[in-house]
Amino acid sequence: MPRVNRTAILSLLIVSSSVFLLFQLYYYRKYVSKPAPHILSRTGHLTASDVQWQTVKKFVTLAHHFRLPLFLADTAVLTLLSQDALLQRDRLVQEPHCSFLCSGRPITSFALHANLWKYDPAFLLAVKQKGFEFLELRGEDPRLASLDTLLGEEIPLHLLLRLHGYIIQVVFLYERSGNYLWHGALRLKANMDRSFAPFKLLDYGRHAGSYDRPELVLTVLDGLDIRIPSNVSRFLSEQQHARFLECRYRDARNFLQLYPDDSSPDAVEFRQKAKSLLHLAARTLAHLNIPFWLSSGTCLGWFRQCSIISYSRDVDIGIFIVDFRSDIIAAFRNAGLSLKHRFGMCRWRTVWNFPL
């Protein structure tokens, strides 16, 4: 058995330990000990960016204390976080001072997972004690809208905080039965201060919106621990097309009183299959980043009776011809739906039939 060279092994251990120590020092200097933005500018006076950063910091600190399930939803800040913007910014800025959260807008928007947080009135009391003015906006819970009468109290939809002229918007996201997140429209009541915030500049509230549940990551922005969507570009794309149209339940009830829905076992089974098929098609097309819409009889059923027309015996969706891709058929096949019929030309208009 060959004799072990103890000196060589000891030297190897020393070198390995030194490399590991150097790596720890590098990580500490670059990430852990990176200083937060300065409280004062070089002139010794508070700038607009300083005030905005302090406002955001004060809110984020409160949110952490009350364990609010928040993530950054501000479109201007998230746009700065996109890869192309980061590369361009690195070329221009050596030592950024509040280079993300101070976007030049008087508003910073956050989203709150309402289903993950038990509403705590003490939070608003703490907000007031920290010097914030606030405006809470509530509305009807659409998850109860299919009932004849709405039960219970209104739910919080938006929270606006104001300090030193800067606005923090918190939009409440609620889980809906279709496994998506929803927020309501921002509507001021008659007795509310319409000069409280520049409402036209708000990212959220002009209409109701819906989103896929985003995967979040914890990062450090300008010295503050903040959660952001892991796929920033996808979230921003969703935000541009997030307008949500609620079904007209009252009109649907009136229609069904005149023309009762088919409650036979076959009709009930078909509606269940149709809804499952819609979920499957939505997941398949979302994986391909292809938008779609309800079409023909399926759209009529949603608009007229908030349901599937049981005697239609099919599900109709549409996509733009410019979004056509050759791998769509393979994607549906992999999802368990094989192509049965194909009509038309892809250059103009084509119809595909995938049997249930």
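Biologist: Is histidine 113 buried or exposed?
Modeller: This is a predicted model, in which local features need pLDDT of at least 70, side-chain atom pairs count only at pLDDT 80 or more, and totals for chains, interfaces and linings use all residues. Residues are numbered from 1 along each chain as its sequence is written, and side-chain values use heavy atoms, leaving out hydrogens and water. With a 1.4 Å probe and protein chains only, buried means under 20% relative accessible area, exposed over 50%, and partly exposed in between. The relative accessibility of histidine 113 is 9%, so this residue counts as buried.

Biologist: Which strand holds histidine 113?
Modeller: Helices (H or I, at least four residues) and strands (E, at least two) are DSSP runs, numbered from the N terminus. Contact means heavy atoms within 4.5 Å, and beyond its neighbours within four places in sequence histidine 113 is in contact with Pro69, Phe71, Leu173, Leu181, Arg213 and Leu216. The strand, residues 107–113, is β2.

Biologist: What is the relative accessible area of histidine 183?
Modeller: Histidine 183 sits in strand β6, residues 180–183. Not counting residues up to four places away in sequence, it touches ten residues by name: His158, Val171, Phe172, Leu173, Tyr204, Gly205, His207, Ala208, Gly209 and Tyr211. Histidine 183 is buried because its relative accessible area is 2%.

Biologist: Let's turn to aspartate 262. How far is it from serine 310 in space, C-alpha to C-alpha?
Modeller: Aspartate 262 lies in the loop between α7 and α8. Setting aside residues up to four places away in sequence, aspartate 262 touches Ala267, Arg271 and Ser310. Aspartate 262 and serine 310 are 48 residues apart in sequence, while their C-alpha distance in space is 6.9 Å.

Biologist: Why does aspartate 262 count as partly exposed?
Modeller: The side chain of aspartate 262 also reaches the backbone nitrogen of serine 264 at 2.9 Å. Aspartate 262 counts as partly exposed because its relative accessible area is 37%.

Biologist: And the open spaces? Which element gives the largest share of the lining of the largest pocket?
Modeller: On a 1 Å grid over the protein atoms alone, a cavity is a set of points where a 1.4 Å probe fits but cannot get out, and a pocket is an open set with protein on both sides within 12 Å along at least five of seven lines; lining residues have an atom within 4 Å of a point. The largest pocket is lined by 47 residues, with Tyr180, Ser210, Phe244, Ala282 and Phe292 nearest its centre. Elements giving two or more residues to this lining include β7 (209–211), α6 (232–240) and α9 (296–305). The largest share, seven residues, comes from α8.

Biologist: Which residues line the largest cavity?
Modeller: The count comes to one cavity of 30 Å³ or more. By class, the lining of the largest cavity has six nonpolar residues, no polar ones and one charged residue, where Ala, Val, Leu, Ile, Met, Phe, Trp, Tyr, Cys and Pro count as nonpolar, Asp, Glu, Lys and Arg as charged, and the others, Gly among them, as polar. The lining residues are Trp117, Tyr119, Phe123, Leu124, Glu136, Leu159 and Phe172.

Biologist: Finally, what percentage of the residues of the protein chain count as buried?
Modeller: The protein chain has 10 helices and 13 strands. Among contacts between residues at least 6 apart in sequence, 66% join residues at least 24 apart. Of the chain's 356 residues, the share that counts as buried is 37%.

Methods. Polar contact = N/O pair within 3.5 Å; in protein donor to acceptor, adjacent residues only side chain to side chain. Points joined across faces, edges and corners; volume = space filled by probe spheres on them.
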